[in-house]
Amino acid sequence: MRLDPQNEVLTTDAGEDWRQAIDAELNAWEQAERERLGLRQARRQWVDEMLTPEVKREERETITLLVSGLTAAQDFLVEGALRGVGYNVKYIGMPDQAGLQAGKEFGNRGQCNPTYFTVGNLIKYLIELRDVQGLSTEQIIRDYVFFTAGACGPCRFGMYVTEYRKALRDSGFDGFRVVLFQQQGGLAQATGEEVGIELNPKFFIALIQALCAGDVLNAIAYRIRPYEVNAGETNRVVEDCKRLLYKALQARSNIFAALWQCRKRLAAVPVDRLRPKAKVAIIGEFWAMTTEGDGNYHLQKFLEQEGGENDIQLTTAWLLYNVWEVERDTRVRRDLRQADGGRLGLADYSPLAVSKRLAMMRLADRGLRLMFEAFAQPIGLTKYPLPNMDEIAEIAAPFYSNDLRGGEGHMEVGKLIYNVVHAKAHMTLSVKPFGCMPSSGVSDGVQSLVQTRFPGSIYCAVETSGDGATNFYSRVQMYMFKARIAAEQELVETYASCGVTEDEVRAFLAKNPKYASPLHVPPHVGACTAANLVREVAPLIRQTRAERAAARTRGALERVGSMLRAAPDKARAAAAWAQDDATRERLSADVALVRELAQGGARDAFAPLLRKLGAGGLVPDAKA
Amino acid sequence: MSSSARTAPVVLGIDVGSTTVKAVALDPETLDVLWCDYQRHQTKQPEMVVEMLETIEAAFPASPRDAWRVFMTGSGALPLCAGLGAKFVQEVNAVTLAVEHKHPDVGSVIELGGQDAKIIMFQTDEDGRKTAAPSMNDKCASGTGATIDKCMIKVGLPPEAVRALVFDPSKLHHVAAKCGVFAETDIVNLVKSGIPAAEILCSLADAIVLQNLSVLTRGSTLKPRVLLLGGPNTYLPFLQACWRHRIPEIWEERNFAWPKDRPIEETVFVPDNAQYYAAFGACVYGQHEAEEIGRYRGLDGLRDYMQNGRKARLGASAGPPLVKSSDEVETFRSLYAIPRFSPPPLTAGQIVRAVIGLDGGSTSSKAVLVDEDGEIVAKAYQLSKGNPIQDAKELLTQLRDHVEGQGARLEVLGFGATGYAADVLEQCVLADVNVVETVAHMMSAVKYFGDVDVICDIGGQDIKVLFMKNGDIANFRLSNSCSAGNGMLLQAMADQFGLKVTEYAQTAFQAELSPKFSYGCAVFLDTDRVNFQKEGFSKEELLAGLAQVLPKNVWQYVVQIPRLASLGRRFVLQGGTQYNLAAVKAQVDYIKERVPDADVFVHPHTGEAGALGAAFETLRVVKRRGRSTFIGIDAAIALDYESRTDDTTTCHFCPNECKRTFIDTHRPDGSTARYIAGFSCEKGTVESHEAMLELVAERKKIARAFPNLVDYEARRAFQHFYEPEPIPHEGTPIRTYEIRKGFLGTKRVAIERPFQRATPEAQARLKRVRIGMPRVLNMYSTAPYFRHYFEALGVPKQNVVFSDETSEEMWVEGGKYGSIDPCFPSKVAQAHVHNLLFHQHQPDKGKPLNYIFFPVLTHVPSFIEGVMDKTSCPIVAGAPEVMKAAFTKEIDFFAQRGIEYVDPALTFGEPHLTARRMFECFGPRLGITEDENDHAHAEGMRALAAFEADLQEKGRAILETVESEDRMALLVVGRPYHSDPGLNHGIPEEFQVLGYPVLSVRSLPRDPEYLARYFKDEVARGQSPLDINDVWPENYSANSSQKVWAVKFATRHPNVALLDLSSFKCGHDAPVYGLIDSLVTTAGAPYAALHDIDANKPGGSIKIRVKTYAHSLKLHQEALEDEARKKRALQFSLEQKRLELLERKRAQLSQLRRDDASLDAEIERLAERLRAYAPAPVAPEPTPGLIQISERLADGRRAPASL
């Protein structure tokens, strides 16, 4: 019999099932009651849905990788190089004011302007694709991917990937993919997974070639431009060279031949190296000193207009710093009685793995230097020593702990001291974004002490905020005046001390075009290039061949003498080195590494470096 | 020889500054001045230069023009150079050369310009060569002439009186000179507090001088003689006197030998003709240039530039105009112009029954008379005069006269006040309502527009943006102490051009293009304005450009929510600025561009929105209560008061010695109310020492009832609270590892060996050694470790010394050594090191410090799991190195006192490395063994763990209490060092005294079982509750990660409200602003933020935030209580239903003649429970918010909205 025809739940009397039926009835009742009473729903919680962007293998033909962030030459060449390995690539242009505005609108307040500029530059480009070229948002999200290095480390810019996601979401490109170098797993990619962006050695080599080619071209152009006789000629030739290199990278033809072609073009730019130019070493925050656009108010160009010769920082040097960081962090932890965990701890490494990691870094350091030289020599970039990272670290250490990271770490301080001690520049200019944490917040504070300890240094620290260019220029000009006077004085004193006149030197150069060549670099004595040239040629003007030969012989004898005097010590040191456990350990690690490399199994050893390099500028937009 | 007879060429130096053009003509051989003049250019720089050159040409008719050379300097010179053939010379170079030429014995130069400040310090190197080290404040207008000019106007002293002022260092008040805008705000507050003008200007001068001395000198000491240059230094003797007062003070402090035998007027001096130094120096610079440089090309080029070049250059960089056609203006005007208010006519004998709402604003006060139906009867307005009682009396008189003037009779039903005057009016006229401005504005907007989503109020000094949900404030943003983008900016711009602000719009609408201002800081905007003017933009264009900045400042700078559409689509604009249609147009365009279907309304009584809100609330309160407490309009107008500012009113409770104003009002019933103005902290609110003690006791009582773990954490971290285990005896066997180097690398081998102890001498020395540490930055995260590390080694606990807590006095005293200007928490480290050096180091009392220990902490402890890293902020980590530089640069203050400064790099991410580094540092210094070091390290870590455990235990107790009592607790999310009361300005305490227990991030329980309740989703997907990778994988920063986690916790705990504290310039907080916003918004958790906290305590801004947030917390608490009641009701209803179902089942079974004993027992138990249950009646659903929201029906009538 049915007790309640409206209510099926109570009709059953089989065993304990009716209890479940009552529970179900109560549940329904509860829902209705909750509604009646107006009880609040549980809070919703936010999670970021954009954390794992994927690019699939089958998308490779249809997607376009967007890149940007380094010097104009490098960005352009990266585009060519990656096209050469089979990707559709688009360089989206140097970040400019409009990019900054977009970055500020869609970014968090209180960010630094490299973040605003780079993030805004991407947003600006996407908005242009949508609003000007008429692509739908869906199309843009489907067909374009921004490819960048994931930064790491303790400054604002180190966390800028967060900012990409926020800005993309807020500007209406929710779901647009920003693919990070590390997320793709570095060389582990080569295991054959079907991924869209395959970071295999071919990809790497293409990238490194583009960066190196860009580096050497920039370095040589900054050497020639201040002295060019015909205004604008260097830039025209550099544009030619960029196209030549681009073609070679895209076609994967011989890059060294292309560099040689560039050399010929560069060698034909007439220069007047007797102009007293103030040598300005540009240091500071990586992006601010690297970009060549609105991001630093076209600083490099401005300095040249004001009578300066720029000594820029190369991407290769930055990579060397990354290598140094891994090497040092490993070294200081190796001898702990117990290993720590964490990002830098060695708890997961066997003694041999630690040694191999150190060997790897030695190899990376040498490899980078060798590669740089291999690119520098054919294009005619000679006597361009890359900085010795240990030396920079050592001279900075009393002022700035080598353990402090973020931005350039101790390098700013080290480089200022180095420039003063070795007379590398008349002026050291440190450019950084407004409120840059490592640079304005720490280095500048320490530099005030360095300046008192190393008097005579002209040091100019300037911040870029993206606006107020007039004040920025004014400040730079203030220091440039002093630097120019110093350069002029150096040249005047050199003429006097060498006993030659400008006319005599000019006459000599006219007769000896080798010394007047734009590719010729006189030996470094002081900061002023013109003065160095005078020092080099003065003996050729003033002294007879016999006198010069005698002077050379005297010099050689002195060198031999000092070598002989130092020989016993050196021999003892060498013997100690050969018997040292550390040496043997090093050798054995090197051997093991070479064996593994030969067997193609060095991926694990590469991993920390790759993470570092990925974070450190190997690809556009990359820094720590 | 007269100039007219001169046949030799001349060299011209022209200095184009921000307000004047100065020119000199010199003899190129001797550099003798042949002619000089200066004129104000009224922003027509090229015109003035042409005029002056014409005069010079006329003065030297016989001198060959083609041999003249021109060198120009100054901020406005660059664009003019090309036309004249002149060479541009950077100002500082020009001034340096002039000074070197004229005063070879000068050691430093201080030049205050209109827009910038410069300090040049000359140094002589080993070779006797003199080099100049210049420092320039070019970005920020802190401490420049512009600030002085603006403040002179605010103070209301005529220029002659200002020039006659005498500097009196005995009566100085706090003025923040860090930023021109902050300074202005402080000045306005001082004016309102009735501080005499002379004292205010002296305080400003002092603040500017100290700002320049501390920041611009970059920590260096000025060398005598000191030359003062620039307009303010030249024309303001009291400013000169201030330099002469402060500079020797620093020399004394730093033991610098200065010529005391010479009159100070000679040591710190202003030269004759100071205004011409830059122009003169430009000519000296010319001597260094080749002959062909700077050849004068006559005036044609410059004239051509004025006519053609200037405009042509602009086109490229300019943005669009505000309106494209006059039709657009008309259409816009018809839609948005605020209708003119005409008060309804009254008839003779009519009785007007109405309430009064009064808004005592920062610059102006308004009052409205609102009748019982909510219609406005009359309005009154006046500029604030600094005395809120007098202002109120005058406003009330206006209202009464309006009514009685028409023969009607006024019956005041109630009185409500808002704004800064509300507190005093509540006391002296017994106002019915004292409501915070934000809430008043909300009420008024809701009354007129119903269910709006966003209310944007732009007043003279601030911006308030309220986000609405269910008819109440769901969230809000207020401009910080920085006034970027408020109405004052537009007002000031109109003033610059001699326009009334009412003419702003019609002028701006005429522009055909507009310069693109960068948005943000008002001072930077002014710099932009000067630059644009130099470039030749007209006033119409500048006004248009500036109006367009306004929405950017509101939405991007203050609100920071880029996707406006996410806020809703109904926007209300109100506040006095909306009378300016140019501002409204820019706002509407901005909003519509981003939210195309937006409805943007302008409040019809835009200036009186606050007063109206107060009136509406008064209506509600009085109706509900049935009576008013107001003393009556006549009594209020007749209110008798005395205002007194003299020695007897000075507050002596702290060294600030605030000169307060007492306003005593006598109510008709004979009682007196005293209002105290002009104090900078709460201590100033009481009159006597007894009252002070009472106040303190009262606060303590509340503090005991409502614990404040932020405060507890700040104190506890530095105390001795853990007894370390004694060091093992020599020879005690210990298990450890040994490092063996071999062919295959370094191996660790486990061994057992005897414990090694230090020598008896070293052990004895440990009893005497005294170590000082600054109570600052990362020490808030790690101090328990360091204290107990040293104690475990045998250092007596009284010999482990921390600097005092941050205080304003400490900052004023010790804040002059830094060479950089980072966030305040980092900057204040110098004051702590100073405190250790000058106060904690007491050799005369037998208590010297042997070491000042300030470790570089690259990584700090963090409890978040699965993070990328646990790094500290680089500025914070690097602060010890910066301090080392600051205190050893010129004088080694440590060496001078025989103290060693020790700052090893430590990482709390890697304990073994930290132990090793501590040993490397203190092994040699204290003579301890590595075993002893490791023991002390382990004890330090245990102390740190005990500290954390204690905090969590207390936090858990609070959470469980508020949960059981349906109350709210306030979770302060900040960096650990925000627990420093000197950094958080006592804001957590403000909430504590309101009755909210305060939690800190580290006091949140981290027990996985406890957390599993709140992090159900995470646990379900196998993620640790302490993992934040689902919201922020770039979690490198330890403190930011903890902050994000704490916010996640709060969004999951219904009884926790958030208070987010962040310091000005904080680079590690910047990336998480957006994340926190997403978390909080999605969950709808109560949240308030005070970002940009800096050295100065923005009292007003804090107050309004606390009050507004208190209002929403109250609503949240009510909602919690309702929720709890409803839950109980639900429980009852469910049990009842269960009983009903069970009884029916029993009936069913009995019909089947079956028994079930367990069912019977169950029914009995349930029935018993239900009988005992007396449910509280469920209250009717309360009206959402404070105002009933209505919506417009199809027939135009309004009815309660269905929400």
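Predicted model: local features only at pLDDT ≥ 70, side-chain atom pairs only at ≥ 80, totals over all residues.
1. Extent of the interface. Chain A contributes 107 residues to the contact with chain B, and chain B contributes 126 residues. The size of an interface is often expressed as the accessible area lost when the parts come together. For chain B and chain A the buried area is about 10800 Å², and 54% of it falls on carbon and sulfur atoms.

2. Polar and charged pairs across the interface. Nine salt bridges are found between chain B and chain A. One of the pairs computed as a salt bridge links the side chains of B:R1138 and A:D23, with an N to O distance of 3.5 Å. The interface of chain B and chain A also holds 33 residue pairs in polar contact, both residues being at pLDDT 80 or more. On the side of chain B that touches chain A, helix α41 (residues 1099-1151) gives the most, with 17 residues. The composition of that side of chain B by class is 53 nonpolar, 37 polar and 36 charged residues.

3. Parallel sheet in chain A. Four strands of chain A form an open sheet with parallel pairing, in the order β6-β5-β7-β8. Strands β6 (308-311) and β8 (458-464) of chain A are at the edges and have a single partner strand each, so one side of each lacks a neighbour in the sheet. Neighbouring strands of this sheet are turned against each other by 30 degrees on average, direction ignored. Within the sheet, strand β7 (residues 427-433) of chain A runs parallel to β8(A) and is joined to it by seven bridges. As an individual bridge, A:M427 is partnered by A:I458 in β8(A).

4. Mixed sheet in chain B. An open sheet of five strands in chain B has the order β3-β2-β1-β4-β5, and its pairing is mixed. The edge positions belong to β3 and β5 (87-88) of chain B; each has a single partner strand, so one side of each is left without a neighbour in the sheet. Between β2(B) and β3(B) the pairing is antiparallel and extends over seven bridges. B:A25 is placed opposite B:W35 in β3(B).

5. Salt bridges in the whole structure. Over all chains, the structure contains 111 salt bridges. An example within chain B is the pair B:R6 and B:D27, whose side chains meet at 3.3 Å, N to O. B:R6 lies in the segment before β1 (11-16) of chain B, whereas B:D27 lies in the loop between β2 (20-26) and β3 (33-40) of chain B, so the pair ties together parts that are 21 residues apart in sequence.

6. Backbone geometry. Most peptide bonds are trans, and most residues other than glycine have a negative phi. The bond joining B:P224 and B:R225 is a cis peptide bond, with omega about -10 degrees. B:R225 belongs to the loop between α7 (197-216) and β9 (226-229) of chain B. A:R252, which is not a glycine, has a positive phi of about 55 degrees; A:R252 is in the loop between α8 (233-251) and α9 (255-267) of chain A. B:K1065, also a residue other than glycine, has a positive phi near 75 degrees. The loop that contains B:K1065 runs between β34 (1056-1063) and α40 (1070-1083) of chain B.

How values were computed: Residues numbered from 1 in each chain as written. Chains lettered and ligands numbered in written order. Heavy atoms only, no water. Contact = heavy atoms within 4.5 Å. Buried area = accessible area lost by both parts, 1.4 Å probe. Salt bridge = Lys/Arg side-chain N within 4 Å of Asp/Glu carboxyl O. Polar contact = N/O pair within 3.5 Å; in protein donor to acceptor, adjacent residues only side chain to side chain. Helix = DSSP H or I, 4+ residues; strand = E, 2+ residues; numbered from the N terminus. Nonpolar A, V, L, I, M, F, W, Y, C, P; charged D, E, K, R; others polar. Pairing = 2+ DSSP bridges. Axes fitted to C-alpha atoms, helices over the stretch in contact; angles between N-to-C directions.
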